[in-house]
Amino acid sequence: KSLTMPPVAPHEPALAPERIGPYRLLRPISAGGMARVYEGRFDSLAGVSTRVAIKVIHPDFANEGGFQELFIQEARVSARLEHLNVVRVQQFNREGDLYYLVMEYIEGVTFRKIVTACRKHGLRVPPGLLAELGRQACEGLHYAHMLADEHGNPLRLVHRDMKPSNLMLNVQGVVKVLDFGISYAQGHQESRGSVKGTWGYMAPEQAEGEAVGAGADLFGLASVLYEVASLDPLFVETDNTRIRRALASDEAARRAAGLGGAYADVGSVLVRALQRDPAARFRSGEAMGKALGQLVADPMSARDELVRFVDELRARDRAGAA
């Protein structure tokens, strides 16, 4: 495996049209349960071509009202997000029966790929750089959590799907929070007790189908940072019942407390973010970001070092391929 973006799995056919709206579709980037993401181009005058990422609702769900509403909800929420550490949406439209969302194209790697490459090459993300990854992610999450509507009413937005593939580091060393596809905002109607998210990264209250707040995202982010530090998931259990039982017994915080040595200070921050009781966690993404920021000597230098670290992983990939 390398740090280059793999194609969509063979059993997932590419979208038939070569264009959607005014955009050329060049290649598939990723595929999920509801939609696929493609690299695209918008060609304008004088040969100017803009690179974009285009998320397209899966053709199988194009005519299903429930999936359409989820996609439209994602577009409504994402269109309001304007922050350095959150992926930016440029347009939402429909071509025939297909809804599509146009986003900035991010040249970089997901946290998932960083973990995979570190395992492969026997490297670890240095603690200060890990803290900087978390600090930037906290900035993006805090902005989303504090977002208000056009009348100034708080949306109480919660991402609900913090996982390594939804966090990305671009080539300038900037972290981007991706995919608000299952986010929750005040006023959204959902079935009581419904569980949305990814097992192994969900907070205890989220796993039980209870109401969630910003603390659920901080728990998920801490789970991801633990994985980047240790190169192993916080929960190796594959059975949802066992994960739920571990969450109920505060096992997440205990495992984070085991991050000793050079990672002890980062581990202390993660322990607080992984508390079973939401009230015992950081009060906000801003507070967690400040705690992580105290472990970063110089954020600007840390960004440069993150770029160099990923370049080193890429160089080792190329050497291995050769």
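# Close-up views of helix packing, cores and loops

**View 1. Helix 5 and helix 9 pass each other in a right-handed crossing.** Right-handed means that the near helix is turned clockwise from the far one by less than a right angle, left-handed anticlockwise. This model is predicted: local features need pLDDT of at least 70, side-chain atom pairs count only at pLDDT 80 or more, and totals for chains, interfaces and linings use all residues. Residues are numbered from 1 along each chain as its sequence is written, and side-chain values use heavy atoms, leaving out hydrogens and water. Helices (DSSP H or I, at least four residues) and strands (E, at least two) are numbered from the N terminus. The axes of helix 5 and helix 9 (residues 285-293) come within 11 Å and cross at roughly 30°. Helix 5 is therefore roughly parallel to helix 9. Axes are lines fitted to C-alpha atoms, for helices over the stretch in contact, with angles from 0 to 180 degrees between N-to-C directions. Under 35 degrees counts as roughly parallel, over 145 as roughly antiparallel, 65 to 115 as roughly perpendicular, and the rest as oblique.

**View 2. Leu 218, Leu 221, Ala 222 and Leu 225 of helix 5 meet Gly 285, Met 288 and Leu 292 of helix 9.** This contact holds 6 nonpolar residues, 1 polar residue and no charged ones. Ala, Val, Leu, Ile, Met, Phe, Trp, Tyr, Cys and Pro count as nonpolar; Asp, Glu, Lys and Arg as charged; the others, Gly among them, as polar. Contact means heavy atoms within 4.5 Å. In helix 9, Gly 285, Ala 287, Met 288, Gly 289, Ala 291 and Leu 292 are buried. Buried means under 20% relative accessible area, exposed over 50%, partly exposed in between (1.4 Å probe, protein chains only). Helix 3, helix 5 and helix 8 (264-273) are among the elements that cover the buried residues of helix 9.

**View 3. Helix 3 (residues 127-145) and helix 5 (residues 214-230) cross at roughly 160°, with axes that come within 11 Å.** That angle makes helix 3 roughly antiparallel to helix 5. The crossing of helix 3 and helix 5 is right-handed. Helix 3 contributes Leu 130, Leu 133, Gly 134, Ala 137, Cys 138, Leu 141 and His 145, which meet Ala 214, Asp 217, Leu 221, Leu 225, Val 228 and Ala 229 of helix 5. By class, the contact has 10 nonpolar residues, 2 polar and 1 charged. An α-helix has 3.6 residues a turn, so residues three or four places apart point the same way.

**View 4. The largest nonpolar core has 71 residues.** The residues with the most contacts inside this core are Val 125, Leu 167, Leu 270, Leu 274 and Met 288. Helix 5 gives the most to the core, with 10 residues. A second, separate core of 28 residues includes Ile 29, Ala 75, Tyr 99 and Tyr 100. A nonpolar core is a set of buried Ala, Val, Leu, Ile, Met, Phe, Trp, Tyr and Cys residues joined through side-chain atoms within 4.5 Å. Val 125 touches Ile 114, Cys 118, Leu 130, Leu 133, Val 228, Tyr 263 and Phe 309, not counting residues up to four places away in sequence.

**View 5. Ser 223 lies in helix 5.** Ser 223 counts as buried because its relative accessibility is 1%. Not counting residues up to four places away in sequence, Ser 223 touches Gly 200, Tyr 201, Leu 234 and Leu 274. Ser 223 and Val 271 are 48 residues apart along the chain, and 9.9 Å separates their C-alpha atoms.

View 6. For Leu 231, phi is about 65°, although the residue is not a glycine. Leu 231 sits in the loop between helix 5 and helix 6 (240-248). At 11% relative accessibility, Leu 231 counts as buried. Asp 250, also not a glycine, has a positive phi near 65°. Its loop runs between helix 6 and helix 7 (251-257). At 22%, Asp 250 counts as partly exposed.

**View 7. Arg 156 is in the loop between helix 3 and strand 8 (167-170).** With 48% relative accessibility, Arg 156 counts as partly exposed. Arg 156 and Gly 213 lie 57 residues apart in sequence and 7.3 Å apart in space, C-alpha to C-alpha.

**View 8. The chain has 10 helices and 9 strands.** Of its 322 residues, 49% are buried. Among contacts between residues at least 6 apart in sequence, 62% join residues at least 24 apart.
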